[in-house]
Amino acid sequence: MPRNALFERVRLLCLSLPETSETSSWGHPNFRAGKRTFVTFESDSAGPTIAFKLHPFDVEILESQPGFVRTPYGQGRWVSVQIHARTKWLTVKELVMKSYRLVALKRMLAKLEEG
């Protein structure tokens, strides 16, 4: 996976969250809250992407917006954003946080709110 400034910002954000770790699966980085993956870096035919685990309702909304595609796994609970020069950091940051909150345990969320 090529180094990308946005990927590095996402990596730092993910690893700053309570009880997160970075692992590698299928040749690309994944970020876990405890044992549950919430963000993954990937690449498809259009280029690099970041995938987020979200509520199916959020996936539906996002996949109708430019730059977003349904991730081909995860039974409709994952959406990917294609990374390009116009990708907005605030949007990506919001999706990282939504994804984390979806999979994190109550004690992790309590630590997040404390910090």
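Colleague: Which residues does T87 touch, not counting residues up to four places away in sequence?

Modeller: T87 touches L6, V81, Q82 and V92. Contact here means heavy atoms within 4.5 Å. Before we go on, this is a predicted model, where local features need pLDDT of at least 70 and side-chain atom pairs count only at pLDDT 80 or more, while totals for chains, interfaces and linings use all residues. Residues are numbered from 1 along each chain as its sequence is written, and side-chain values use heavy atoms, with hydrogens and water left out.

Colleague: Where is T87 found, and why is T87 called buried?

Modeller: T87 is found in the loop between β6 (78–82) and α3. Helices (H or I, at least four residues) and strands (E, at least two) are DSSP runs, numbered from the N terminus. Buried means under 20% relative accessible area, exposed means over 50%, and partly exposed is in between (1.4 Å probe, protein chains only). T87 has 17% relative accessibility, so T87 counts as buried.

Colleague: What does the side chain of T87 reach?

Modeller: The backbone oxygen of Q82, at 3.3 Å. A polar contact is a pair of N or O atoms within 3.5 Å; within protein, one must be able to donate a hydrogen and the other to accept it, and residues adjacent in sequence count only if both atoms are side-chain atoms.

Colleague: And how do you know how α1 and α3 sit together?

Modeller: Two packed helices are described by the angle between their axes and the distance between the axes. For α1 (residues 5–16) and α3 (residues 89–103), the angle is about 35° and the axes are 11 Å apart. Axes are lines fitted to C-alpha atoms, for helices over the stretch in contact, and angles run from 0 to 180 degrees between N-to-C directions.

Colleague: Which residues make the contact, and how many are nonpolar, polar or charged?

Modeller: From α1 you get L6, R9, V10, L13 and C14, and from α3 W89, V92, K93, V96 and M97. By class, eight are nonpolar, none polar and two charged. Ala, Val, Leu, Ile, Met, Phe, Trp, Tyr, Cys and Pro count as nonpolar, Asp, Glu, Lys and Arg as charged, and the others, Gly among them, as polar.

Colleague: R9 is on that list, so is R9 partly exposed or buried?

Modeller: R9, with a relative accessible area of 44%, is partly exposed.

Colleague: On to the strands: what is the order in the sheet?

Modeller: Six strands form an open sheet in the order β1-β2-β3-β4-β6-β5, with antiparallel pairing. Two strands pair if DSSP finds at least two bridges between them.

Colleague: What makes β1 and β5 edge strands?

Modeller: β1 (20–25) and β5 (68–70) each pair on one side only. The twist from one strand to the next averages 25°.

Colleague: How do you know that β2 pairs with β1 and with β3?

Modeller: β1 and β2 pair over six bridges, and β2 (residues 28–33) pairs with β3 (residues 36–44) over four bridges.

Colleague: What makes β2 mostly covered?

Modeller: Five of the six residues in β2 are buried.

Colleague: What about E19?

Modeller: E19, in the loop between α1 and β1, has a positive phi near 55° and is a residue other than glycine. Its relative accessible area is 30%, so E19 is partly exposed.

Colleague: Finally, where do α1 and α2 lie on the sheet?

Modeller: α1 lies across β1, β2, β3 and β4 (47–53), running at about 170° to β3. Helix α2 (residues 56–63) touches β5 and β6, and its direction makes about 130° with that of β5.
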